[in-house]
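Here is a short briefing on one protein chain. Look at the sequence and the 3D view, then read on.

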Amino acid sequence: MIERITRLLEEAEHLQATNTEELEALRLKYLSKKGILSQLMADFRQVPAEQKREVGLLANKAKDALTERFNVLKAQLAVAEEDHSGLDLTRTPYPIHLGTRHPLSIVKQEIVNIFQHMGFSLADGPEVEDDWHVFGSMNFADDHPARDMQDTFFIESHPDVLLRTHTSSVQSRVMEQSQPPIRVICPGRVYRNEAISARAHCFFHQVEGLYIDRNVSFTDLKQVLLTFAREMFGADTRIRLRPSYFPFTEPSAEMDISCNICGGEGCAFCKQTGWVEILGCGMVDPNVLEANGIDSSIYSGYAFGMGIERITNLKYQVKDLRMFSENDVRFLEEFMAAN
Ligand code: DAH
């Protein structure tokens, strides 16, 4: 009996079928009710009890081997018999559609790279924040309009919980965890309660910068921003700082760059002025340093914040902010080359 099964096992390995008739013949011979396998199982009853285990195992193996071989042959035949007559093997293949990085990701990375080369490291904080990190620690007076329901998304059941309206909250997160020298760049998403239009959105992206050490001056700020502007928009780019107001900086400024679309000549984009605003900045207000545990009699610092959508618009002239979040493949594919 054992010999019979061993032979069958060997046979199983070498079975061949070149067409369906041959395959059917194999099935009848080995696997059908009257086939060799059934016969084998019938004879199994006569095997002496002490050999049953060994023979049984072997018989099962033979059954598996035959069934598997049959299935392999069947699959091979199915492929071989497919109709390839209409197939043009000389045709070029369909192009493979690779995804692209999102334009905002491309530009964010570019901004981060520039500052990392100047020694800034990355930091981030939560998008769902509390009043202290977004406003309180940033020197916003209790009645500052930015806290207003008009601008800020609050969580109804938890008045202290809100969606951050700017990445300046990360400044506070970093300061409370470390002492100067601090030199960080913080990209992230921010939220404001605005009606969505071509020029405003309820969420957008910012990059915050913060530098705190002994003897940091406005000159340092200006030089870093000039370097950034030239790296980002080209070596001919000029900058101009206009006095401004932010609760967390004193003095504060807004920075314009010479319009990179008309080169400063004046065009529709820069409203004929030759300049476009790209960021807010200033010397960190001593109140902010103190509120976050840093001794303002020893340390000073600068900070700046810019919108990534704004920088992207300038680089790629995207006219409608909504394009950034609509995931229209035709729009996204335009950035293939920038990847
Ligand atoms: N947080 C400001 C905003 O959302 C941007 C900003 C301005 C950030 C001046 C700063 C800064 O760090 O110094 O409009």
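Pro181 sits in the loop between α7 and β5. A cis peptide bond joins Pro180 and Pro181, with omega at about 0 degrees. The model is predicted: local features need pLDDT of at least 70, side-chain atom pairs count only at pLDDT 80 or more, and totals for chains, interfaces and linings use all residues. Residues are numbered from 1 along each chain as its sequence is written, and side-chain values use heavy atoms, with hydrogens and water left out.

**The whole chain**

- The chain has 12 helices and 10 strands. These are DSSP runs, numbered from the N terminus: helices are H or I with at least four residues, and strands are E with at least two.
- The radius of gyration of the chain is 36 Å, whereas a compact globule of 339 residues would be near 20 Å. This radius is taken over C-alpha atoms, and the globule rule is 2.2 Å times the number of residues to the power 0.38.
- Along its principal axes, the C-alpha trace spans about 100 × 55 × 40 Å.
- Of the 339 residues, 41% are buried. Buried means under 20% relative accessible area, exposed means over 50%, and partly exposed lies in between (1.4 Å probe, protein chains only).
- Among contacts with a separation of 6 or more, 68% join residues 24 or more positions apart. A contact means heavy atoms within 4.5 Å.
- The chain exposes about 19300 Å², and carbon and sulfur atoms supply 51% of that area. Accessible areas come from the Shrake-Rupley method with a 1.4 Å probe; for residues, only the protein chains shown count as cover.
- There are 35 positive and 49 negative side chains, and the centres of the two sets lie 7 Å apart. Lys and Arg count as positive, Asp and Glu as negative; His and the chain ends are not counted. Each charge is placed at NZ of Lys, CZ of Arg, CG of Asp or CD of Glu.

- Two strands pair if DSSP finds at least two bridges between them.
- Strands of a sheet pair through backbone hydrogen bonds, either parallel or antiparallel.
- β2 and β4 (residues 158-163) pair in the antiparallel sense over 3 bridges. Here Val128 stands opposite Leu163, and Asp130 stands opposite Val161.
- β3 and β4 also pair in the antiparallel sense, over 2 bridges. Phe154 has Leu162 of β4 as its bridge partner.
- A hairpin is formed by β3 and β4, with 2 residues between them.

**Helix α7 and its cover**

- Helix α7 (residues 168-177) is largely enclosed by the rest of the structure, because 7 of its 10 residues are buried.
- Those buried residues are Ser168, Ser169, Val170, Gln171, Ser172, Val174 and Met175.
- What covers them? The cover includes β2, α6, β5 (182-191), β6 (203-213), α9 (286-291) and β10 (300-307).

**Ser137, a buried loop residue**

- Ser137 lies in the loop between α6 (131-134) and β3 (154-155).
- Is Ser137 buried or exposed? Ser137 counts as buried because its relative accessibility is 0%.
- Leaving aside neighbours within four places in sequence, Ser137 is in contact with Trp132, Ser172, Val288, Ala291 and Asn292. One of these, Ser172, is among the buried residues of α7.

**Backbone details**

- A cis peptide bond also runs from Glu250 to Pro251, with omega near 0 degrees. Pro251 is found in strand β8 (residues 249-258).
- Asn215 is not a glycine, but has a positive phi of about 60 degrees. Asn215 is found in the loop between β6 and α8 (218-233). It counts as exposed because its relative accessibility is 70%.
- Lys271 is not a glycine either, and has a positive phi of about 50 degrees. Lys271 is found in the loop between β8 and β9 (275-284). It counts as exposed because its relative accessibility is 62%.
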